[in-house]
Amino acid sequence: MTFWNEIYTHFNPVAFSIFGINVHWYGIMYVLALLVALRMAKYFVKKDKIPISNSMLDNYFFWVEIGVILGARIGYILIYSDNTLWYITHPWQIFNPFYDGVFVGIRGMSYHGAVVGFLLATFAYCKKYKQNSLIFLDLCAISIPLGYFFGRIGNFLNQELFGRATDVAWAIKVGGIMRHPSQLYEAVLEGLIVFIILFFYRKFKKFNGELIALYAILYAIARFVSEFFREPDYNLGFIFLNLSMGHLLSLAMIFIGCFTHFYLKKQFKFS
């Protein structure tokens with residue numbers, strides 16, 4: 001057994017404490033993911049001469065971050081939580097970081113819920129400030145994946161969303177069981193590889209909205225593959241034909257991405 005196989009026994013998910021409040025590595029990685037995404041967006045705005053001012057971009061990212069947090073949390077409660085009805089009848093508890101008077105943070109976020117929140121925030125922002133939402137969405141498509149890479153690293157450091165049982169040499173021990181480090185698979189597939197593909201493809205973009213449609217398709221394919229190595233949610237298990245909820249949501253995302261690409265391409269041809 002190597003140090004890597006038992007890394008969780010040597011690693012503390014809490015980075016440090018301030019006035020008795022624990023700061024987890026996950027939180028640090030989440031902030032880093034946001035900063036990386038914003039920095040990449042500013043890079044692309046300048047490099048590709050996208051007509052978005054610096055102040056406008058900062059304001060937009062504030063709107064988006066609020067939408068992502070709300071969507072991710074509410075999405076988790078509606079899709080994955082065992083206490084959905086309780087949260088619906090006690091909505092003030094949705095963002096309560098304390099449990100029995102102890103600060104435990106807010107746990108339980110849904111990527112697909114975050115996507116819905118992100119889209120609603122984008123459309124609301126662009127309507128208010130009379131901007132082309134497709135330009136902003138394309139910018140996010142090439143800016144978010146690299147930040148998302150750090151988000152998945154955060155999942156790994158927080159010892160959550162672990163993989164299925166396996167006997168591969170690089171497996172890690174979780175609760176006495178050797179498992180795939182599926183969070184790292186997702187970091188590479190959903191973050192790094194998607195970023196590299198879109199980074200080079202952006203120069204061949206034919207119409208506004210193409211990059212966000214391709215992002216949806218590429219991410220969903222990467223997530224679909226990753227789900228075969230990730231342990232299904234304990235309270236949901238396999239939903240249909242040995243497919244998890246993540247599988248089914250990814251299939252829906254692929255369909256939406258393909259439909260969006262086809263629709264926008266058709267609109268572009270006849271414009």
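**View 1. Lining of the second largest pocket.** The lining residues divide into six nonpolar, one polar and five charged. Here Ala, Val, Leu, Ile, Met, Phe, Trp, Tyr, Cys and Pro count as nonpolar, Asp, Glu, Lys and Arg as charged, and the others, Gly among them, as polar. This is a predicted model: local features need pLDDT of at least 70, side-chain atom pairs count only at pLDDT 80 or more, and totals for chains, interfaces and linings use all residues. Residues are numbered from 1 along each chain as its sequence is written, and side-chain values use heavy atoms, with hydrogens and water left out. The pocket volume is about 170 Å³. Among the lining residues are Asp48, Lys49, Asp138, Arg202 and Lys205. Helix α6 (residues 133–157) gives the most to this lining, with four residues. A pocket is an open set of points on a 1 Å grid over the protein atoms alone, where a 1.4 Å probe fits, with protein on both sides within 12 Å along at least five of seven lines; lining residues have an atom within 4 Å of a point. Grid points are joined across faces, edges and corners, and the volume is the space filled by probe spheres set on the points.

View 2. UniProt lists Arg152 under "binding site" in an unreviewed entry. Its positions follow the numbering used here, feature names are shortened, and annotations may be inferred rather than shown by experiment. Arg152 is buried, at 5% relative accessible area. Buried means under 20%, exposed over 50%, partly exposed in between (1.4 Å probe, protein chains only). Beyond four places in sequence, Arg152 contacts residues including Glu186, Glu190, Tyr219 and Arg223. Contact means heavy atoms within 4.5 Å.

**View 3. Ala41 in helix α2 (residues 25–47).** Helices (H or I, at least four residues) and strands (E, at least two) are DSSP runs, numbered from the N terminus. Ala41 is buried, with a relative accessible area of 0%. Not counting residues up to four places away in sequence, Ala41 touches Leu57, Phe61, Leu139 and Ser143. The C-alpha atoms of Ala41 and Ile144 are 8.2 Å apart, though 103 residues separate them along the chain.

**View 4. Hairpin of β1 and β2.** Strands β1 (residues 14–18) and β2 (residues 21–24) run antiparallel, joined by four bridges. Two strands pair if DSSP finds at least two bridges between them. Ile18 stands opposite Ile21 in β2. Two residues lie between the strands, and Phe19 takes a positive phi near 50°.
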